[in-house]
Amino acid sequence: MTKFEQSERLKKLPPYLFVRLEELTAAKKKEGADIIDFGIGDPDLPASEKVIKAMQIAAEANENQKYSSSQGEKFLRDSVAKWYRKRFSVDLDPDTQVCITIGSKEAIFNISQAFVNPGEKIIAPSPGYPVYSGASTLFNEAECVEVPLRESQNWLLDLSECPVDAKMLYLNYPNNPTGATCDLEYLHKVYDWCGKTDTILCYDNAYSEMCFDGYRAPSALQAGPDCIEFGSFSKTFNMTGFRLGYAVGHPDLVGGLKKCKGQTDSGAPVFIQKAGAVALDAYSDDGTTPKGVQANMDILAERRRVLVNGLNDLGYKVAMPRGTFYVWFNSGVGSMEFTEKMLELGIVVTPGSGFGKSAEGYVRMAVTEPVERIREALNRMKKAQDINK
Ligand SMILES: Cc1ncc(COP(=O)(O)O)c(C=O)c1O
């Protein structure tokens with residue numbers, strides 16, 4: 001068979017973390033292991049019945065079976081703009097400041113294609129969502145500057161460590177993988193710094209609605225209009241497989257993204273966008289979270305409590321996160337070593353080192369299993385500890 005050579009760019013790209021993890025898990029399952037999976041941040045709970053029904057009905061109508069536009073349908077851009085008013089008291093023009101995306105991942109990648117020239121710097125917090133330092137920089141021939149986040153600073157990016165000559169900064173709170181959160185005051189500081197240094201602020205707010213204990217995540221657009229923010233239906237509404245998100249912000253930034261998308265995709269399916277509008281419109285006018293979403297967060301909060309307390313009982317030092325559905329802690333050994341040991345127990349976790357070199361030793365567990373399974377995993381870990389004593 002002929003051998004096909006990957007481009008030099010693609011060769012530089014490390015294998016996507018979760019692909020490798022899926023392979024290891026599949027091999028373990030093949031051996032017949034009873035797997036408890038805290039690996040990928042994919043909610044186990046279903047999307048709401050109302051949302052699914054809306055999608056089914058919409059999918060039957062011929063007008064919803066055609067190409068959408070790469071910027072998304074007007075009705076959903078309107079819904080997103082209304083939601084920003086309800087939730088963050090931010091006004092957006094749905095025609096120039098909102099773009100519907102095929103999940104937020106593609107927009108996080110495409111924004112760099114739209115604004116960064118080869119050789120220019122992109123700041124990627126480390127640990128961080130792998131796309132920032134991966135495809136966003138490598139496919140763009142940009143230079144990635146990984147700036148470490150530190151536990152001692154509550155995992156908040158320290159601006160004094162960031163280069164002042166970068167083109168773009170990716171930032172994400174509530175944070176994957178650390179579960180760290182920030183307040184609006186911090187976002188004001190970041191926003192002002194980006195203004196002074198002429199750096200494009202790309203704020204990844206995929207977990208804005210995954211908040212606990214009364215905390216509500218802010219939007220970077222509350223700090224000011226000169227940035228772009230990415231949001232997602234994936235985690236808030238258990239809609240990961242629907243592939244639906246949005247990008248909002250400065251018209252030039254949203255416009256650049258739209259131009260890029262115009263060449264690379266033809267928009268999310270219209271019937272999926274219909275479902276998205278139903279999900280988003282369920283927020284009250286005063287921004288109160290819909291009952292269904294809140295019930296979902298209550299389940300995750302309880303799982304998080306059981307897992308964090310259980311891990312602390314086992315001797316790990318684990319903080320109770322106020323956002324995301326991730327539990328993040330120092331395993332005390334190498335990230336991969338811990339991950340492999342856990343896999344031997346039939347427990348899938350994500351090695352922190354996959355999110356950046358500075359997270360070596362850390363591990364991420366997503367609370368995507370019910371409480372009984374979390375307790376079962378903790379029991380297995382306890383037994384393994386007792387044997388090794
Ligand atoms: C920080 C962060 N941003 C963006 C995404 C992408 O989400 P989606 O493409 O499903 O909207 C994820 C998914 O895990 C994430 O953790």
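**Ground rules.** I worked from a predicted model, where local features need pLDDT of at least 70 and side-chain atom pairs count only at pLDDT 80 or more, while totals for chains, interfaces and linings use all residues. Residues are numbered from 1 along each chain as its sequence is written, and side-chain values use heavy atoms, with hydrogens and water left out.

**Seven-stranded sheet.** I took helices (H or I, at least four residues) and strands (E, at least two) as DSSP runs, numbered from the N terminus. I counted two strands as paired if DSSP finds at least two bridges between them. I looked up the strand order and found an open, mixed sheet of seven strands, E2-E8-E7-E6-E5-E3-E4. Strand E2 (98-101) and strand E4 (143-148) are at the edges with a single partner strand each, so one side of each has no neighbour in the sheet. On average, neighbouring strands here are turned by 20° against each other, direction ignored.

Strand E3 (residues 121-126) and strand E5 (residues 168-171) are parallel and share two bridges. Ile123 has Leu169 in E5 as its bridge partner.

**Helices on that sheet.** For contact I used heavy atoms within 4.5 Å. Axes are lines fitted to C-alpha atoms, for helices over the stretch in contact, and angles run from 0 to 180 degrees between N-to-C directions. Helix H5 (residues 104-115) lies across E2, E3, E5, strand E6 (200-204), strand E7 (228-232) and strand E8 (245-249), at about 160° to E7. Helix H8 (residues 184-197) lies across E3, E5 and E6, and runs at about 165° to E5.

**Three-stranded sheet.** I found an open antiparallel sheet of three strands in the order E9-E12-E11. Strand E9 (326-330) and strand E11 (350-351) are its edge strands, each pairing on one side only. E11 and strand E12 (residues 362-366) run antiparallel and are joined by two bridges. Pro351 is opposite Val363 in E12. Helix H11 (residues 291-313) packs on this sheet, touches E9 and E12, and makes about 10° with the direction of E9.

**Cavity.** I searched a 1 Å grid over the protein atoms alone; a cavity is a set of points where a 1.4 Å probe fits but cannot get out, and lining residues have an atom within 4 Å of a point. Grid points are joined across faces, edges and corners, and a volume is the space filled by probe spheres set on the points. The structure holds one cavity of 30 Å³ or more, and the largest cavity has about 30 Å³ of space. I listed its lining as Trp83, Ser208, Glu209, Ser232, Thr236, Phe237, Tyr246 and Leu280. That lining divides into four nonpolar, three polar and one charged; here Ala, Val, Leu, Ile, Met, Phe, Trp, Tyr, Cys and Pro count as nonpolar, Asp, Glu, Lys and Arg as charged, and the others, Gly among them, as polar.

**Aromatic pairs.** Rings of Phe, Tyr and Trp (its six-membered ring) pair if their centres lie within 6.5 Å; planes under 30 degrees apart are stacked, over 60 edge-to-face and the rest tilted. I found 22 aromatic pairs in the whole structure. Tyr84 and Phe88 have ring centres 5.1 Å apart and planes at 45°, so this pair is tilted. Both lie in helix H4 (residues 74-88), four residues apart, about one turn of the helix.

**Backbone.** I noted a cis peptide bond from Ser126 to Pro127, with omega near 5°. Pro127 is in the loop between E3 and helix H6 (130-133). The bond from Tyr173 to Pro174 is also cis, with omega near -10°, and Pro174 lies in the loop between E5 and H8. Asp213, in the loop between E6 and E7, has a positive phi of about 55° although it is not a glycine.

Methods:
On a 1 Å grid over the protein atoms alone, a cavity is a set of points where a 1.4 Å probe fits but cannot get out, and a pocket is an open set with protein on both sides within 12 Å along at least five of seven lines; lining residues have an atom within 4 Å of a point.
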